[in-house]
Amino acid sequence: RGAVTDADCIVCHLEGEFSTQKTSSKHADGYIDLRDPDGVGEVAITNNSGAAFTFTKYAISYAASARTTTLSNGIPEVITVKFCMKCHDANGATNTTARTTYGAPTAAMPFGGIALGANWSATNGAIGTQGLIDVVTQFAATNSSRHPVGAPNLRAYPYSNRLLAPYNNIGTTRDTNTMANNTSTPRTKANSVVMVCDDCHTTGTSVTTRTITAHGNAASLRGNHFVASPTLCLTCHIASGANTYPDTGATQQHGTGSAFFAAAAGDEDRPAAAMTQCNFCHFSTNATYAAANRPRYAADVHGFNTMYGSATGWAAGSAINMRPVAFMRSVAASGGSWPNTHSPRPYVATGVTAGAANCGSGTNFAFSVGTTGLNCGSNSHTTYRPGGSF
């Protein structure tokens, strides 16, 4: 947009005073003083209990037990919930002092408005049009598919042996339930760890000396995606025995401890091509990253409660066939109705009887790469049956 100005710094930092555009009494006080994006005037963020908060250098810590199953007052947890997510919510920066004085700023665009393209819309996860990405809605605890940022997930999957440290710190309660898929009794649920923005948006392994996602960097993600063996996904998830794609086993499954695990021969029968990239099944389209719709793909990773049907477009609902299970957004089969029986769906948690919840079978799902639908046509697999309690 242009050279960084003092007014830009004041959007986030109380070291500058909005009304005077000069340094405040907090300047050079030995601390980083962060402005409350949803407060009123020159007010600092609090911790997650509402008490005074002091920002100091902190360890990113991807080591074992570095994440807990409850929301704590650790620095990365506070920064995530009381700073990042207070701006990246449905109403943006409501604090009028949390906006630059240049470039026609608004609550949705506190650093000034620029045209971001037709895909930057509320339908795709932005605030209205041309605004911030609404990650609070994407991380809502009520979403059927979400990463546990701000609050844990109460789920039966994944087991701790399908996660890497520190995300496997979930105890063994649900790990000890070894029933086969598609049984009449729900699997045991347990809370996941609570994740923070740094888990995906800060590189490195030790102590933060700069926050690359706030100030900018050539890379703002911890790894890559839209590739075979995506390092962003595989920094947390163990996809196969060697933690790489594709799984070369005879059944082509994620393995024991995952909902994507065969209970009987043929339950998850699909070609290896369907197991090479996470986005084939878990993103809303197979388009390459170069053609990515950023707000929608942020939702694809953060979380969502909507699915895509060829008849109705994006829709949300509580019906069995309208729940986006395990980060999979179903599409209606070619020429079919919406919703239909081709939605990935849980069995025992909702009393759903066994059935073939297919993601592509023969010529179904013939959406081409780059459209708004999930392209399963060239990566078909049959009778996909996610088990457990979702």
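1. Where does N217 lie? N217 sits in the loop between helix 5 (212–215) and helix 6 (279–282). Helices (H or I, at least four residues) and strands (E, at least two) are DSSP runs, numbered from the N terminus. N217 is partly exposed, with a relative accessible area of 36%. Here buried means under 20% relative accessible area, exposed over 50%, and partly exposed in between (1.4 Å probe, protein chains only). The C-alpha atoms of N217 and T202 are separated by 10.0 Å, and the two residues are 15 apart along the chain.

2. On the model itself. This is a predicted model: local features need pLDDT of at least 70, side-chain atom pairs count only at pLDDT 80 or more, and totals for chains, interfaces and linings use all residues. Residues are numbered from 1 along each chain as its sequence is written, and side-chain values use heavy atoms, with hydrogens and water left out.

3. Salt bridges. The structure holds two. A salt bridge is a side-chain nitrogen of Lys or Arg within 4 Å of a carboxyl oxygen of Asp or Glu. Side chains of opposite charge can pair when their charged atoms come close. R35 counts as buried because its relative accessibility is 0%. E42 is partly exposed, with a relative accessible area of 35%.

4. The other bridge. The side chains of D199 and R67 meet in a salt bridge (2.9 Å, N to O). D199 lies in helix 4 (residues 198–201) and R67 in the loop between strand 2 and helix 2, so the pair ties together parts that are 132 residues apart in sequence. Both D199 and R67 are buried.

5. D198 deserves a separate look. D198 lies in helix 4. D198 is buried yet has no salt bridge. The nearest side chain of opposite charge, R67, is 6.0 Å away. For charge, Lys and Arg count as positive and Asp and Glu as negative; His and the chain ends are not counted. What does the side chain of D198 make a polar contact with? The partner is the side chain of T202, at 2.5 Å. A polar contact is a pair of N or O atoms within 3.5 Å; within protein, one must be able to donate a hydrogen and the other to accept it, and residues adjacent in sequence count only if both atoms are side-chain atoms. Leaving aside residues up to four places away in sequence, D198 touches Y58, I60, Y62 and P76. Contact means heavy atoms within 4.5 Å.

6. Helix 2 (75–87). At 1.5 Å a residue, its 13 residues should span 18 Å, and the end C-alpha atoms are 17 Å apart, which agrees. The expected span is 1.5 Å times one less than the number of residues. Helix 2 is mostly covered: 11 of its 13 residues are buried. Among them are the charged residues E77 and K82. The cover over the buried residues includes helix 3 (135–138) and helix 4.

7. Cores. The largest nonpolar core has 18 residues. A nonpolar core is a set of buried Ala, Val, Leu, Ile, Met, Phe, Trp, Tyr and Cys residues joined through side-chain atoms within 4.5 Å. Those with the most contacts inside the largest core are M85, I133, V135, F139, V149, Y167 and M195. V149 touches T80, M85, F139 and M195, not counting residues up to four places away in sequence. A second, separate core of nine residues includes I45, Y58, I75 and V78.

8. D36. Its place is in the loop between strand 2 (22–23) and helix 2. Is D36 buried or exposed? D36 counts as buried, because its relative accessibility is 18%. D36 touches V43, A44, I45 and N95, with residues up to four places away in sequence not counted. D36 and C12 are 24 residues apart in sequence and 7.9 Å apart in space, C-alpha to C-alpha.

9. Backbone points to check by eye. A28 has a phi near 65°, a positive value in a residue other than glycine. A28 is in the loop between strand 2 and helix 2, and counts as exposed at 70% relative accessibility. S61 has a positive phi too, near 50°. S61 is in the loop between strand 2 and helix 2, and counts as partly exposed at 24%. The peptide bond from A165 to P166 is cis, with omega near 5°. P166 lies in the loop between strand 4 (154–155) and strand 5 (190–191).
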